Amino acid sequence: MTATDNGRLGLLLDIDGVLYVEKQPIDGAREALERLRGMSAGLRLLTNTTSRSRREVFEQLQAMGFEVSLQEVLTPAAMAVRHCRERGHGSVALLVGEKLREDLSELEPWSPGGERQPDAVILGDLGEGFTPAVLNDAFRLIMDGAELIALQHNRYWRRGDGLALDVGAYAAALEYATGHEALVVGKPAGEFFAAALSDLGVEHAVMVGDDVEADVGGAMDAGLPGILVRTGKFRHDALTARVTPTAIVDSIVDVPELLERLPPI
Ligand SMILES: [Mg+2]
């Protein structure tokens with residue numbers, strides 16, 4: 001018996017750094033994805049990308065030749081909308097890039113000078129827009145009672161010119177200054193993994209990612225095996241004592257064979 005024998009194993013994959021790096025598909029990733037789809041009860045692509053909409057992530061994958069559907073792509077924005085709905089939030093301040101707004105269109109955007117204070121601040125990727133003034137405005141809103149919702153809490157990511165600060169670094173600055181911990185809706189939040197399982201209609205899944213904390217640690221905290229790939233942002237010194245991946249492989253190309261060797265989950 002192996003992990004995939006009962007046919008009810010879901011596959012959760014991170015996108016950036018697992019399927020492609022810097023807009024170039026990883027060698028053999030398209031074929032590996034197809035193999036994994038055939039071996040599993042279905043797959044979901046869990047990205048913490050907050051610079052592009054869900055539709056853009058999907059279109060980019062298609063343009064690179066990955067055969068995926070829009071439904072298979074899950075992003076933190078949808079989780080944020082769900083959370084705001086559950087909490088009955090009215091207007092929310094959106095510190096997110098222009099492209100992400102379509103995924104948050106169900107929410108009522110707050111603008112400065114309005115009568116009411118926003119119920120929440122949603123923190124995504126503002127890139128160069130993360131100026132001291134913007135961060136200070138967010139700091140004041142949180143001090144006045146707005147909930148800080150971070151779309152993700154990654155420390156850094158790898159872009160064309162090298163490593164770059166990610167949303168988690170800015171969230172940490174606001175957390176430190178306000179004394180309020182952010183609610184994180186992307187990986188490593190357990191709710192994100194749970195939503196993916198429920199979407200797939202399975203109880204068990206394996207997560208594959210290049211971020212040892214958000215992907216692998218998050219999945220393992222949610223009770224799922226976590227496989228770390230040595231592509232994308234992988235760095236030896238990122239292997240912390242806190243997270244011991246279920247397995248480490250050179251790339252997604254090695255995952256089908258690994259699943260054939262893993263014992264039932
Ligand atoms: Mg990644």
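The largest nonpolar core of this predicted model has 74 residues, and those with the most contacts inside it are Leu-12, Val-121, Ile-122, Leu-123, Ile-149 and Val-206. Such a core is a set of buried Ala, Val, Leu, Ile, Met, Phe, Trp, Tyr and Cys residues joined through C-beta atoms within 7 Å. A residue is buried if 20 or more other C-beta atoms, placed from the backbone, lie within 10 Å of its own. Both domain 1 (9–48 + 188–261) and domain 2 (78–184) give residues to this core, so it lies between them. The domain bounds come from an automatic or database domain assignment.

Residues are numbered from 1 along each chain as its sequence is written. Because the model is predicted, local features need pLDDT of at least 70 and side-chain atom pairs count only at pLDDT 80 or more, while totals for chains, interfaces and linings use all residues.

**Strand S8**
- S8 pairs in the parallel sense with strand S6 (residues 91–95) over four bridges; pairing requires at least two DSSP bridges.
- S8 also runs parallel to strand S9 (residues 147–150), joined by four bridges.

**Ile-122**
- Ile-122 is the bridge partner of Leu-94, and Ile-149 in S9 is the bridge partner of Ile-122.

**Domains**
- The centres of domain 1 and domain 2, taken over C-alpha atoms, are 26 Å apart.
- Their contact (C-beta atoms, placed from the backbone, within 7 Å) takes 10 residues from domain 1 and seven residues from domain 2.

Terms used:
Contact = placed C-beta atoms within 7 Å. Buried ≥ 20, exposed ≤ 12 C-beta atoms within 10 Å, placed from the backbone. Helix = DSSP H or I, 4+ residues; strand = E, 2+ residues; numbered from the N terminus.
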